[in-house]
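Please consult the sequence and the model while reading.

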Amino acid sequence: MKIWVDADACPAVIKETIFRAATRTQTLTTLVANHTMRIPPSPWIKFQQVQSGFDVADNKIVEQLNAGDLVISSDIPLAAEAIEKGAIVLSPRGELYTVANIRARLNMRDFMESLRSTGVDIGGPNALNQADRQAFANQLDKYLTQNKPPKT
């Protein structure tokens with residue numbers, strides 16, 4: 001199992017949590033973004049820079065992931081594609097996107113997008129708070145504990 005991070009919009013505090021978990025569990029983790037970013041020196045943490053452009057990083061993640069991998073992203077269309085390939089997706093707020101709930105998330109996203117396109121100001125998501133960070137850390141730890149193969 002690998003972890004793939006949609007790093008362009010991933011909050012720094014969430015990246016720090018991912019870095020600690022990747023090192024602690026020795027799970028290969030790759031951050032994908034269209035701009036350079038600093039990552040800690042670790043054999044478990046990699047960075048791939050892609051060209052700028054709409055969905056370039058998302059497409060790169062989907063292209064490389066395997067069933068059973070974990071994708072960290074709040075991008076619902078990316079989540080749907082990753083789930084279609086057998087991955088699990090965890091949002092930076094600690095919500096697991098799965099086969100059971102992704103269709104409803106896509107429908108809600110599309111509905112909100114249609115409201116925005118008609119000029120309705122629906123605002124954006126609330127700022128990431130301590131409860132969100134804790135929910136993310138708990139879900140990440142739970143997933144890694146349950147899905148990490150035993151060391152030989």
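## Pocket lining and helix packing

Two helices, α2 (56–64) and α3 (76–84), each contribute at least two residues to the lining of the second largest pocket. The model discussed here is a predicted one. Of these contributions, that of α2 is the greatest, at three residues. The volume of the second largest pocket is about 320 Å³. Its lining comprises 19 residues, and those closest to the pocket centre are Asp6, Ala9, Asp55, Asp58 and Asp75. Sorted by class, the lining of the second largest pocket holds nine nonpolar, six charged and four polar residues.

The helices α2 and α3 also pack against each other: their axes come within 9 Å and cross at roughly 10°. Because angles under 35 degrees count as roughly parallel, α2 is roughly parallel to α3. On the α2 side the contact is formed by Asp58, Ile61 and Val62, and on the α3 side by Leu78, Glu81 and Ala82. Four residues of this contact are nonpolar and two are charged, with no polar residue.

From α1, the residues Val13, Ile14, Thr17, Ile18, Ala21, Arg24 and Thr25 meet Arg133, Phe136, Ala137, Leu140, Asp141 and Leu144 of α5. This contact of α1 with α5 contains eight nonpolar, three charged and two polar residues.

| Helix pair | Axes | Angle |
|---|---|---|
| α2 and α3 | within 9 Å | roughly 10° |

How values were computed:
Residues are numbered from 1 along each chain as its sequence is written. This is a predicted model: local features need pLDDT of at least 70, side-chain atom pairs count only at pLDDT 80 or more; totals for chains, interfaces and linings use all residues. Side-chain values use heavy atoms; hydrogens and water are left out. On a 1 Å grid over the protein atoms alone, a cavity is a set of points where a 1.4 Å probe fits but cannot get out, and a pocket is an open set with protein on both sides within 12 Å along at least five of seven lines; lining residues have an atom within 4 Å of a point. Grid points are joined across faces, edges and corners, and a volume is the space filled by probe spheres set on the points. Helices (H or I, at least four residues) and strands (E, at least two) are DSSP runs, numbered from the N terminus. Ala, Val, Leu, Ile, Met, Phe, Trp, Tyr, Cys and Pro count as nonpolar, Asp, Glu, Lys and Arg as charged, and the others, Gly among them, as polar. Contact means heavy atoms within 4.5 Å. Axes are lines fitted to C-alpha atoms, for helices over the stretch in contact, and angles run from 0 to 180 degrees between N-to-C directions. Angles under 35 degrees count as roughly parallel, over 145 as roughly antiparallel, 65 to 115 as roughly perpendicular and the rest as oblique.
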